[in-house]
Amino acid sequence: MKTTTNTFKIVLTALMMCLIMVSILFIRIPIPFTQGYVHLGDAMVFLSVLILGWKYGAVAAALGGMLGDLVGGFAMWAPWSFGIKGIMAVILGLVIMLFSKNENISKGKFLVGEIIGMIIAGSFMVAAYYFAEGIMYGNWVTPLLGVPWNIGQFAAGMVIAVAIAAALCKTPARSYFTYRLRGQEQ
């Protein structure tokens, strides 16, 4: 059963937005010598795109990332997170769409498309937060300390998102995924 009403999409978008916010707030590991931290929010950003598609996923990612900063006491990062997390979602969605254009795509190639999309989106996030911190603090050396941590953040997010998506695709919840392998619809 595939539910595609606008109301359902909006509710699912709000749910993913809240999951992103909670994932940002739940486990925060401070980055030494900086004012930043790493979190599990990227896993939910990636998952939101797989479930909602790039348009609704971008809305959930942008608002969820921004709210995570606002509620978590990092309001100065909220505008940056709004843009960065939203663009991450768009990048992932567009890469998956490129990979899934082929009618005869195999499961392995589809997963490769997801992973490549997550790597490109995560790389964008690392560069964008470096750039944002450089502008905010007027220092281009200190933000380098956060780069390996941000790489670890999106790498962990990839692993978690792929694992959760794989588990959900073995349940009736697979019908809610916008991006899934053709032939798996039921």
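**View 1. Cys 18 is partly exposed, at a relative accessible area of 38%.** Here, buried stands for under 20% relative accessible area, exposed for over 50%, and partly exposed for what falls in between (1.4 Å probe, protein chains only). This is a predicted model, in which local features need pLDDT of at least 70 and side-chain atom pairs count only at pLDDT 80 or more, while totals for chains, interfaces and linings use all residues. Residues are numbered from 1 along each chain as its sequence is written, and side-chain values use heavy atoms, leaving out hydrogens and water. Cys 18 belongs to helix α1 (residues 6–26); helices (H or I, at least four residues) and strands (E, at least two) are DSSP runs, numbered from the N terminus. Between Cys 18 and Gly 113 there are 26 Å in space, C-alpha to C-alpha, and 95 residues in sequence.

**View 2. Lys 85 and Asp 42 join their side chains in a salt bridge.** The distance to look for is 2.4 Å, N to O. A salt bridge is a side-chain nitrogen of Lys or Arg within 4 Å of a carboxyl oxygen of Asp or Glu, and a search of the whole structure finds 1. Lys 85 sits in helix α3 (residues 78–99) and Asp 42 in helix α2 (residues 41–71), so the pair links distant parts of the chain, 43 residues apart. Are the two partners buried or exposed? Lys 85 counts as buried at 1% relative accessibility, and Asp 42 counts as buried at 0%.

**View 3. Leu 50 is a buried residue of helix α2.** Its relative accessible area is 1%. Follow the chain for 46 residues and you reach Ile 96, whose C-alpha atom is separated from that of Leu 50 by 8.9 Å.

**View 4. Tyr 37 and Phe 74 form a tilted aromatic pair.** Their ring centres are 4.7 Å apart, with 50° between the planes. Rings of Phe, Tyr and Trp (its six-membered ring) pair if their centres lie within 6.5 Å; planes under 30 degrees apart count as stacked, over 60 as edge-to-face and the rest as tilted. Tyr 37 comes from strand β2 (residues 37–38) and Phe 74 from the loop between α2 and α3, so the pair ties together parts that are 37 residues apart in sequence. Tyr 37 is buried at 11% relative accessibility, and Phe 74 is buried at 18%. Arg 28 lies over the face of Tyr 37, 5.0 Å from the ring centre; for this, NZ of Lys or CZ of Arg must be within 6 Å of the ring centre and within 35 degrees of the ring normal.

**View 5. Tyr 130, Phe 131 and Trp 140 make up one aromatic cluster.** By the ring rule, the count comes to 5 aromatic pairs.

**View 6. A nonpolar patch on the surface includes Trp 149.** Patches are made of residues with over 30% relative accessible area and no salt bridge; like charges are joined within 9 Å, nonpolar side chains (Val, Leu, Ile, Met, Phe, Trp, Tyr) within 5 Å. Trp 149 is found in helix α5 (residues 147–168) and is partly exposed at 34% relative accessible area.

How values were computed. Accessible areas come from the Shrake-Rupley method with a 1.4 Å probe; for residues, only the protein chains shown count as cover.
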